[in-house]
Amino acid sequence: ARGDSPRQYTVEIANPAVDFYFIDSADPIVAMREFHAVTGRPYVPPKWALEPLIGYASDHAGKCFNKRVLDDYLRHIREDDIPNGIVYDEAWAWTYPEVAEDGTRRLWFHPEKLGDFRIHNFDPEDSGIKALHAEGQKSVFHIQPFVGMRSENVQELIGKGYLVRRASDPTLPLVGQYHHYFVDFTNPEAVAWWQDGIRRLLKLGVDGFFFDFGESDDQRDALYHAG
């Protein structure tokens, strides 16, 4: 909020603590150097990361980015001469196979499976990536810093203390709006676990990641490894 003077501001923080840095410089280059001294210098992305991106926004009704959808995408890219370089897959982490009441196998929306670090919507897992690469496209995965409550990794993460806990009850992990837990990135061992999951996907051929939903939850009841 602006104060009485145009050079005076008041900042209110909802969290119990905050690290605040003030950089005073008339030279923007010097200011950015000071900023990078705190945050680290960002990587320059590869050229293809700046090319047009298309993807399938899967929904809760069971629609899925699968082989049929991918084949249709690639056909349109060829026929319409679309100059894109990236196709992103939003459904890889939470579109999970299940058997419907009539016995048919279907892919369905299961956000509680987030954090498996497995590609659930293609079989074998790397088949969609190979199809994209064969057409000269890049494969980018939509990814969130969450672990679903039914992820195959949850018990391991709880046992090792890799999840953000509740300040009001440190025996329980903090729960987010999509029925998920938060990986505690202030814990170096949790970071290493997450990196191993990323490496697994890179070995399957994934070219990059489309990060999302790092900001959407209220974490005022959070207790981190770092305090």
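Helix α5, which runs over residues 188-204 and has 17 residues, reaches 25 Å from its first C-alpha to its last, close to the 24 Å expected at 1.5 Å a residue (the expected span is 1.5 Å times one less than the number of residues; helices are DSSP runs of H or I with at least four residues, strands runs of E with at least two, numbered from the N terminus). The model is predicted, and its local features need pLDDT of at least 70. Residues are numbered from 1 along each chain as its sequence is written.

**Exercise 1.** Determine which residues of α5 are buried, and where they lie around the axis.

*Solution.* Begin with accessibility, where buried means under 20% relative accessible area and exposed over 50%, with partly exposed in between (1.4 Å probe, protein chains only). A190, W193, W194, G197, I198 and L201 of α5 are buried. Because they cover an arc of only 135° around the axis, they are on the same side of α5 (the arc is that of the directions from the helix axis to the C-beta atoms). On the other side of α5, P188 and K203 are exposed.

**Exercise 2.** Work out how the side chains of β2 are directed.

*Solution.* In strand β2 (residues 86-89), I86 and Y88 point one way, whereas V87 and D89 point the other way, and all are buried.

How values were computed. This is a predicted model: local features need pLDDT of at least 70, side-chain atom pairs count only at pLDDT 80 or more; totals for chains, interfaces and linings use all residues. Side-chain values use heavy atoms; hydrogens and water are left out.
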